[in-house]
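I would like every answer to set a value against its definition.

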Amino acid sequence: MSITSDDLKPIKPDALSPAETEAKAESLGVGKATMAIPKVFVMAMLAGAFIAFGGMYFCIFLGDSTMPFAAQRMVGGICFCLGLVLVLCCGSELFTGNCLMICAKASGKVGWGGVLKNWVTVWLGNFAGALVAVLLIFMAQVWAMNSGGVAEAMVSVAASKVTPDWVTLFFKGIMCNVFVCLAVWIGFSARTVVDKVIGIILPISAFVAAGFEHCVANMFFLPMGFIMNTMGYGADGVITLGGIAYNLSAATLGNIVGGLLVGLAYWFVFNQKKAGK
């Protein structure tokens, strides 16, 4: 077998530079905007299920009520990282991360039609995937672990998401997607799977520990908590369908704002620099 010049090129272990990462974000945004809707929807279902798996892991850990608060938040946050690890490493479409498509829009490479089509399709696909995961996790009786302690944790997590006022939830959503999009940005810059996994742990575990609101995660937490609540876990009627809609409306809009803040900030700095402006 002959050796080509490409074989002799040194392998770069360092991550992409911020400017290269911004260019990659634009390229990925174009690809997302032009992908066929059926493929987008199925990939979005995968992401919804992946994030739900992270939420399941989080609830299992919280099922031990004797765990000190700080340890519970920190380790629980690390457990939740499973979701984004699967999203970034296995390939899927996540609504919150796709807010970074604003980079491609700001550069004029895609129109609002393509962006909004992707966002709506991915949001619905994420919800569908999360609900499939809820069914699978329910039938596997994960909630029954620790003598129902996991079910109690599921209700407790869901209840904490429907009790704050709407404005608070909205700002929790902004803060959440600032952290998530920074984690996704790290994933864009990474050259290896190890880079991606290690890079996302701190920002994702931080937003979970702080109790911020991620609309896709809540597509799992809230329906799962609602089912457990109807089965007698937690206080009667603490989780309602109205409460689920209340949270998702605030979290979704907040997540969009948070994602736009990150995407536009990096686009402004690094796209302008590339263009020599």
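Q: In which helix does Trp 166 lie, and why does Trp 166 count as partly exposed?
A: Trp 166 lies in helix H7, where helices are DSSP runs of H or I with at least four residues, strands are runs of E with at least two, and both are numbered from the N terminus. Buried means under 20% relative accessible area, exposed means over 50%, and partly exposed is in between, with a 1.4 Å probe and protein chains only; Trp 166 has 31% relative accessibility, so it counts as partly exposed. This is a predicted model, in which local features need pLDDT of at least 70 and side-chain atom pairs count only at pLDDT 80 or more, while totals for chains, interfaces and linings use all residues. Residues are numbered from 1 along each chain as its sequence is written, and side-chain values use heavy atoms, with hydrogens and water left out.

Q: What makes Phe 58 and Phe 221 an edge-to-face aromatic pair?
A: Rings of Phe, Tyr and Trp (its six-membered ring) pair if their centres lie within 6.5 Å, and planes under 30 degrees apart count as stacked, over 60 as edge-to-face and the rest as tilted. By this rule the count comes to 15 aromatic pairs. For Phe 58 and Phe 221 the centres are 5.9 Å apart and the planes make 70 degrees, and the pair is therefore edge-to-face. This pair links distant parts of the chain, with Phe 58 in helix H2 (residues 37-62) and Phe 221 in helix H9 (residues 215-230), 163 residues apart.

Q: How do you know whether Phe 58 is buried or exposed?
A: The relative accessible area of Phe 58 is 5%, so Phe 58 is buried, and Phe 221, with a relative accessible area of 5%, is buried as well.

Q: What kind of aromatic pair do Phe 95 and Trp 119 form?
A: Their rings are 6.4 Å apart centre to centre with 75 degrees between the planes, which makes the pair edge-to-face. Phe 95 sits in the loop between helix H3 (69-90) and helix H4 (102-106), whereas Trp 119 belongs to helix H5 (residues 112-139), 24 residues apart.

Q: Why is the protein chain called as compact as a globular protein of its length?
A: The protein chain has 10 helices and 0 strands. Its radius of gyration, 20 Å, is close to the 19 Å that the globule rule gives for 277 residues, so the chain is as compact as a globular protein of that length; the radius is taken over C-alpha atoms, and the rule is 2.2 Å times the number of residues to the power 0.38.
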